[in-house]
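Take a moment with the sequence and the 3D view. The report below moves from the chains to their sheets and then to their helices.

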Protein chains: 4
Amino acid sequence: MSAITFTRPHRIRFSECDPAGIVFYPQYFVMFNDLLEQWVDALIPGGFAGYIGEQRFGLPTVHLEADFNAVSRMGDDVVLQLTVTHIGSRSVKLALRCTSLEGELRMQVNQTLVTTSLTTHRAIDIPAALLAALQASGDVP
Amino acid sequence: MSAITFTRPHRIRFSECDPAGIVFYPQYFVMFNDLLEQWVDALIPGGFAGYIGEQRFGLPTVHLEADFNAVSRMGDDVVLQLTVTHIGSRSVKLALRCTSLEGELRMQVNQTLVTTSLTTHRAIDIPAALLAALQASGDVP
Amino acid sequence: MSAITFTRPHRIRFSECDPAGIVFYPQYFVMFNDLLEQWVDALIPGGFAGYIGEQRFGLPTVHLEADFNAVSRMGDDVVLQLTVTHIGSRSVKLALRCTSLEGELRMQVNQTLVTTSLTTHRAIDIPAALLAALQASGDVP
Amino acid sequence: MSAITFTRPHRIRFSECDPAGIVFYPQYFVMFNDLLEQWVDALIPGGFAGYIGEQRFGLPTVHLEADFNAVSRMGDDVVLQLTVTHIGSRSVKLALRCTSLEGELRMQVNQTLVTTSLTTHRAIDIPAALLAALQASGDVP
């Protein structure tokens with residue numbers, strides 16, 4: 001079985017670029033947050049909006065490491081990729097990558113997210129529906 | 001003949017919403033700027049990135065009027081629509097709308113953009129390739 | 001008596017500018033929203049965060065008209081100005097301006113905001129503490 | 001002698017928060033980029049805008065590690081702190097921290113930036129004026 005990987009194409013937008021004509025780096029984290037949402041939308045009924053807005057669960061980032069390998073310019077077509085690298089009892093680790101269509105690595109992030117209650121902002125066990133979907137969707141360490 | 005209209009579906013993202021759980025209104029203008037880019041990408045060779053980055057033309061907004069009719073919430077599926085309402089010698093007028101899938105109007109903008117040189121930031125005649133594409137693509141007043 | 005006017009200096013940031021090296025126009029609305037917050041912080045106990053987060057009132061924009069008169073570049077020192085032009089029973093009208101230190105008008109917005117309940121997202125009368133502060137602070141039509 | 005440290009107070013803005021009512025984490029990187037600009041503005045004549053816009057030097061991030069220790073809420077008063085931890089021949093390492101007024105650590109970043117030419121987007125030696133200002137301003141390893 002293969003690991004859980006989720007990819008989406010993306011064209012770098014004017015609104016994501018800075019006066020140097022390249023992606024303003026915080027925008028990569030916005031792109032990856034949007035990718036995370038699309039992934040959760042595909043994974044569980046009600047999607048990310050249901051998870052956050054109705055069930056009042058959170059999924060904040062507690063740690064991340066990012067390497068910026070090459071610049072992305074306005075108009076570039078890139079691929080955004082999310083891979084689950086670890087499922088803990090109250091956390092998920094993701095490897096996120098932005099590459100050109102030819103496979104050139106633009107930047108990558110290793111990120112640890114925890115599942116929380118939005119009422120208390122404290123860590124809770126991964127909600128059952130999310131855990132079951134994660135376990136059903138691939139071979140994760 | 002019909003007017004030039006360009007539409008794209010969009011799901012309202014967490015990153016676009018505020019602590020009230022609804023779209024932070026400046027984000028509508030980001031959505032519409034991204035829509036404008038997609039439209040120009042479809043209209044001329046080289047697209048928006050070529051127009052801005054290589055040819056050093058600009059397309060800044062000089063006037064806009066916006067009405068916010070109903071809230072959009074995180075996770076909502078909406079339709080973003082751009083219609084050209086007027087082509088001047090150095091300007092283009094657009095009507096932009098965000099509606100729900102059922103057609104409920106969320107917000108709308110009437111916007112005037114001018115074509116400029118990015119070297120001088122001054123208005124110039126609509127570049128020939130853009131004007132020809134606009135004229136070829138529909139019945140615009 | 002003079003009208004209610006609130007001003008703050010601001011230096012245009014790299015993060016607010018686009019590949020043309022000038023303010024990405026949706027960022028003006030973010031600047032003005034931050035200005036609105038600072039104004040409400042000065043006006044009522046608990047400030048904007050208390051109004052939104054604790055009292056669960058909203059202050060969404062329902063209409064705005066904006067003119068972009070001249071570009072602002074990265075590093076420019078500008079003045080952001082907010083003037084109350086009308087107080088209705090459930091709404092407030094503001095005139096917002098961004099000028100250079102020498103008084104050159106960069107852009108201006110006339111904006112109508114309504115007071116709402118964040119529970120229902122429906123209009124409500126201007127909350128008493130906010131109304132009293134508005135009435136006490138100047139000569140508003 | 002003490003290390004180079006630069007601090008600025010900041011109030012968490014509505015525009016920086018997400019539907020969970022806390023800072024949307026990519027906004028921390030925007031805050032720190034604004035802090036970096038303010039620091040460079042204080043360090044060299046012409047400031048950050050001159051460095052980027054006139055001299056066409058860049059200062060992109062090539063690596064960062066971030067820990068998110070506690071949430072920051074809309075309206076919170078925080079302190080943003082930048083400390084130079086290393087000066088290389090073509091790079092600078094920064095430690096960035098966001099703390100509450102009482103000193104509670106909200107999040108921290110260790111970040112490596114390189115000096116580049118914006119014409120080639122390639123690394124160059126730290127420009128002389130910036131290097132001299134860094135060396136003059138404190139005891140850096």
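This is a predicted model: local features need pLDDT of at least 70, side-chain atom pairs count only at pLDDT 80 or more; totals for chains, interfaces and linings use all residues.

## Copies and axes

Contact means heavy atoms within 4.5 Å. Copies are superposed by least squares on the C-alpha atoms of residues with pLDDT of at least 70 in both.

Chain A also superposes on chain B. The rotation is 180°, with 0.0 Å of shift along its axis and an RMSD of 0.0 Å. Here too the copies meet through the same surface, because 100% of the interface residues of chain A are also interface residues in chain B.

## Confidence and ground rules

How high is the mean pLDDT of chain A? The mean is 93, and 96% of the residues of chain A reach 70 or more. pLDDT is the predictor's confidence in each residue, from 0 to 100. For the complex, the predictor gives an ipTM of 0.94 and a pTM of 0.96.

Residues are numbered from 1 along each chain as its sequence is written, and chains are lettered from A and ligands numbered from 1 in the order in which they are written. Local features need pLDDT of at least 70, side-chain atom pairs count only at pLDDT 80 or more, and totals for chains, interfaces and linings use all residues, while side-chain values use heavy atoms, with hydrogens and water left out.

## Two sheets

Strands of a sheet pair through backbone hydrogen bonds, either parallel or antiparallel. Two strands count as paired if DSSP finds at least two bridges between them. Helices (H or I, at least four residues) and strands (E, at least two) are DSSP runs, numbered from the N terminus.

Chains A and D share an open sheet of ten strands, with antiparallel pairing. The order is β1(A)-β4(A)-β5(A)-β6(A)-β3(A)-β3(D)-β6(D)-β5(D)-β4(D)-β1(D). Which strands lie at the edges? They are β1 (5-11) of chain A and β1 (5-11) of chain D, and each pairs on one side only. Neighbouring strands of this sheet are turned by 15° against each other on average, direction ignored.

Chains B and C also form an open sheet of ten strands, again with antiparallel pairing. Its order is β1(B)-β4(B)-β5(B)-β6(B)-β3(B)-β3(C)-β6(C)-β5(C)-β4(C)-β1(C). The edge strands are β1 (5-11) of chain B and β1 of chain C. The twist averages 15° from one strand to the next.

| Strand | Partner strand | Bridges |
|---|---|---|
| β1(D) | β4(D), residues 77-87 | seven |
| β1(C), residues 5-11 | β4(C), residues 77-87 | seven |
| β4(C) | β5(C), residues 91-100 | nine |
| β5(C) | β6(C), residues 105-114 | nine |

Single residues show the pairing. D:H10 has D:V78 in β4(D) as its bridge partner. C:F6 stands opposite C:L82 in β4(C). C:T83 has C:A95 in β5(C) as its bridge partner. C:R97 stands opposite C:Q108 in β6(C). A hairpin of three residues joins β4(C) to β5(C).

## Helices

Two packed helices are described by the angle between their axes and the distance between the axes. Axes are lines fitted to C-alpha atoms, for helices over the stretch in contact, and angles run from 0 to 180 degrees between N-to-C directions. Angles under 35 degrees count as roughly parallel, over 145 as roughly antiparallel, 65 to 115 as roughly perpendicular and the rest as oblique.

Within chain C, the axes of α1 (residues 26-43) and α2 (residues 47-54) come within 6 Å and cross at roughly 95°. α1(C) and α2(C) are therefore roughly perpendicular. C:L36, C:E37, C:V40 and C:D41 in α1(C) meet C:G47, C:F48 and C:A49 in α2(C). This contact has four nonpolar, one polar and two charged residues. Ala, Val, Leu, Ile, Met, Phe, Trp, Tyr, Cys and Pro count as nonpolar, Asp, Glu, Lys and Arg as charged, and the others, Gly among them, as polar.

B:P26, B:F29 and B:V30 meet C:P26, C:F29 and C:V30. The contact has six nonpolar, no polar and no charged residues.
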